[in-house]
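Biologist: Please take a close look at one kind of contact in this chain, the pairing of charged side chains. Where do such pairs sit, and what surrounds them?

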Amino acid sequence: MAELSTADPLVLAFNSGSSSVKFALLDPVTGTRTVEGLAARVGAPEVSIQLKRDKESASVSVPSQAGHMQVIEAMIHAMSESERGTISVIGHRIVHGGGRFTESVRIDDAVLAGIAEVADLAPLHIAGALAGIHATRAQLPGISDVAVFDTAFHRTLPPRAYRYAVPRAWFHDHGLRKFGFHGISHSYVATRAALLLGRDLQELHVVTVHLGNGCSACAIREGISVDTSMGMTPLEGLVMGTRSGDIDPGSLAFIGHRLGLDLDGVTSELTNASGLLGLSGISQDMRQVVEAAETGSADALLALDVFAYRAAKSVCAMAAALDRVDAVVFTGGIGEHSPIVRSKIMHHLKVMGVAEDALANMNHGINGSGRISIPGSTSVLVVPTDEELLIARDASALVD
């Protein structure tokens, strides 16, 4: 990260997840960071901020079990006075915009109220984002805040993709429909994939696969989202860290009756105790699941196999929304860093003409191209996502 002068107008981008916060002070044109940081396991006893500035790294302590607001306040205080002086606008990732917010918007009290109204659709994520907005408004008054919505990229979904086969009144009167998530990431990596392939994004048909603690696949035709695996909430779709993904709706009443749980209780179990954690009984962290599988845990191996198989099925489902598949693109913490997961998914994609380049896959891409498939087969790429950069660009463009 190169050092910028205090005259350079920068954007402070916050990316709040359900249990993590990332931030970056960056140039929205070049993506150059002056300072950035990550706090994982927000709310846990061992939470801390890992800070990077130029080539130096440091750990910033915060109170045990600190929440999103305390963590973001600590991140702001970790910046120098001169760094804070370069901030032209603050961008916040908001997971859910509901039917109201279909593009980025400057935050005022009315927008805050509108975001709060859809908080029940992604309560853990939106609560953290709202806390971050309140923190920046208090700590950095006078600087505009912009909301950048994960759902906005999927506003182009056609009705056949976003409608559920439920009573019409559920849609017309209550807004029950698919919204999709990870839109910031899907949009960014599709654009990067086009550059790596030497193709025009406007002619490219790709399936992007974001694999992290949350996971989703997206069909992108000519730069436009036409289908995605997540639904009205972030619970639908692929197997995730602690989220079940797709499950038979009829099973909810069955297991609720058996366990004496109401619908909120069942939903909590599907959200917080399922996915990799539920299958393996070990961890929601894919690294720990892979390690356990390699040392002989049958449950961990099953979790790994189910995760990969369900991801591959979703890639094939997304292909149905496209005229052809020019590339499959992996991103996210697991998608970028786990060769074994990518290999297992690619094994199930032979029907799409995918053939793995094992050496390239182990090295997370070959010759800077990101490609992990052999020549002549369907292109498969690993593309690191950069949600903070896209947040910064949206925020900067809106204020300009």
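Modeller: D227 is a buried residue, with a relative accessible area of 16%. Buried here means under 20% relative accessible area, exposed means over 50%, and partly exposed lies in between (1.4 Å probe, protein chains only). The model is predicted, so local features need pLDDT of at least 70 and side-chain atom pairs count only at pLDDT 80 or more, while totals for chains, interfaces and linings use all residues. Residues are numbered from 1 along each chain as its sequence is written, and side-chain values use heavy atoms, leaving out hydrogens and water.

Side chains of opposite charge can pair when their charged atoms come close. D227 meets the side chain of K178 in a salt bridge, at 3.7 Å from N to O. The term stands for a side-chain nitrogen of Lys or Arg within 4 Å of a carboxyl oxygen of Asp or Glu. This pair joins distant parts of the chain, 49 residues apart: K178 is in the loop between helix 6 (168–174) and helix 7 (183–197), and D227 is in strand 11. Helices (H or I, at least four residues) and strands (E, at least two) are DSSP runs, numbered from the N terminus. K178 also counts as buried, at 9% relative accessibility.

The strand that holds D227 belongs to an open sheet of five strands in the order 11-10-9-12-13, with mixed pairing. Strand 11 (224–228) and strand 13 (379–382) are the edge strands, each pairing on one side only; two strands pair if DSSP finds at least two bridges between them. Further in, strand 9 (residues 205–211) and strand 10 (residues 215–221) run antiparallel and are joined by seven bridges. One of the residues involved is V209, whose bridge partner in strand 10 is A217.

A second salt bridge brings together the side chains of R199 and D326, again 3.7 Å from N to O. R199 is in the loop between helix 7 and strand 9, and D326 is in the loop between helix 12 (298–319) and strand 12 (327–331), 127 residues apart. R199 is partly exposed, at 32% relative accessible area, whereas D326 is buried, at 15%. D326 meets R324 in a salt bridge too, at 3.0 Å from N to O; R324 counts as partly exposed, with 37% relative accessibility.

Elsewhere, salt bridges link K22, R33, E36, D386 and E388 into a network. The count of salt bridges comes to 14.
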